[in-house]
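Here is a short report on one protein chain.

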Amino acid sequence: MSSKPRSPKQIEASRINGARSHGPITPEGRANSAGQHLRHGMLAATVVLPDESAERFHSLIAALEARFRPRDAVEFNLIEVMAVARWRLMRLWGMEKATLAHEIYKQTEGSDPPEIDRATRAGLAFRSLGGNANPLDLMTRYELRCDRQYDRALDRLTRLQAKREKQKSNSVDLIPTSD
């Protein structure tokens, strides 16, 4: 089932038409897109804390998808790993600042602040769950772990995409042209 080789003009026309795409049109394409949104929603339900913004988490995933344009489930999964690692890292930065500010207030005022915000509550919970460990040491280890998860997923994703592009360019080079 051999097809006629495509000319460079046909390849360029396909590239231009693809750039004008406004999303899936077929029922199958829409179902696939909806499935991704459902999957991201389920991911948000397991990663985003009750008083955090699921919309901001979805925006983070959308930004990573727009930047890296994943092509298959493996690449989408790596995007999700990157989003989760980044989300946790941002949460950690907020917790670190809030718990330090909380301790500074306690030292200067002699009591807890009258109101405790979301980031402080998360930091206090983190400290409580850490047992006897130094909370700043735990946060540093957690930060390093999130950085490594993000970097590892980014490295895998970029290697997969580079491999795909190399295979694509090699297959285009092998197509004889009649021009």
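## Model and fold

Helices (H or I, at least four residues) and strands (E, at least two) are DSSP runs, numbered from the N terminus. On that basis the elements of the protein chain run α-α-α-α-α-α from the N terminus on. The chain has 6 helices and 0 strands.

This is a predicted model: local features need pLDDT of at least 70, side-chain atom pairs count only at pLDDT 80 or more, and totals for chains, interfaces and linings use all residues. Residues are numbered from 1 along each chain as its sequence is written, and side-chain values use heavy atoms, with hydrogens and water left out.

Buried means under 20% relative accessible area, exposed over 50%, and partly exposed in between (1.4 Å probe, protein chains only). Of the 179 residues of the protein chain, 25% count as buried. Contact means heavy atoms within 4.5 Å. Among contacts in the chain with a separation of 6 or more, 64% come from residues 24 or more positions apart.

## Confidence

The predictor's confidence in each residue is its pLDDT, from 0 to 100. The mean pLDDT of the protein chain is 80, and 73% of its residues reach 70 or more.

Over residues 29–38 the pLDDT is below 50. Beyond near neighbours in sequence, this stretch has 6 contacts in the model. Where pLDDT is low, the predicted coordinates should not be read in detail.

## Helix α3

Helix α3 covers residues 54–68, 15 residues in total. The expected span of a helix is 1.5 Å times one less than its number of residues. From first C-alpha to last, α3 reaches 21 Å, close to the 21 Å expected.

Phe-57, Leu-60, Ile-61, Leu-64, Glu-65 and Phe-68 are buried in α3. Seen down the axis of α3, its buried residues fall within an arc of 130 degrees, so they line one face of the helix. The arc is that of the directions from the helix axis to the C-beta atoms. An α-helix has 3.6 residues a turn, so residues three or four places apart point the same way. On the other side of α3, Glu-55, Arg-56 and Arg-67 are exposed. Just after the helix, Arg-69 takes a positive phi of about 45 degrees.

## Ring contacts

Rings of Phe, Tyr and Trp (its six-membered ring) pair if their centres lie within 6.5 Å; planes under 30 degrees apart count as stacked, over 60 as edge-to-face and the rest as tilted. The structure holds 2 aromatic pairs. Phe-57 and Trp-87 form an edge-to-face pair, 5.4 Å centre to centre with 85 degrees between the planes. This pair links distant parts of the chain: Phe-57 is in helix α3 and Trp-87 in helix α4 (residues 73–109), 30 residues apart. Both Phe-57 and Trp-87 are buried.

Phe-126 and Tyr-142 form a tilted pair, 5.6 Å centre to centre with 40 degrees between the planes. Phe-126 lies in helix α5 (residues 118–129) and Tyr-142 in helix α6 (residues 135–174), so the pair ties together parts that are 16 residues apart in sequence. Both Phe-126 and Tyr-142 are buried.

A charge sits over a ring if NZ of Lys or CZ of Arg is within 6 Å of the ring centre and within 35 degrees of the ring normal. Arg-67 lies over the face of Phe-68, at 4.6 Å from the ring centre.

## Helix α5 and its approach

The 12 residues of α5 should span 16 Å at 1.5 Å a residue, and its end C-alpha atoms are 16 Å apart, which agrees. Ala-119, Thr-120, Ala-122, Gly-123 and Phe-126 are buried in α5. They fall within an arc of 160 degrees seen down the axis of α5, so they line one face of the helix. The face turned away from the buried side carries the exposed residues Ser-128 and Leu-129. Just after α5, Gly-131 takes a positive phi of about 65 degrees.

Ile-116 sits in the loop between α4 and α5. Ile-116 counts as partly exposed, at 33% relative accessibility. Leaving aside neighbours within four places in sequence, Ile-116 is in contact with His-102, Arg-121 and Leu-124. Ile-116 and His-102 are 14 residues apart in sequence and 8.4 Å apart in space, C-alpha to C-alpha.

## Glu-75

Is Glu-75 buried or exposed? Glu-75 is in helix α4 and is buried, with a relative accessible area of 2%. Leaving aside neighbours within four places in sequence, Glu-75 is in contact with Arg-69, Pro-70, Leu-157, Leu-160, Gln-161 and Arg-164.
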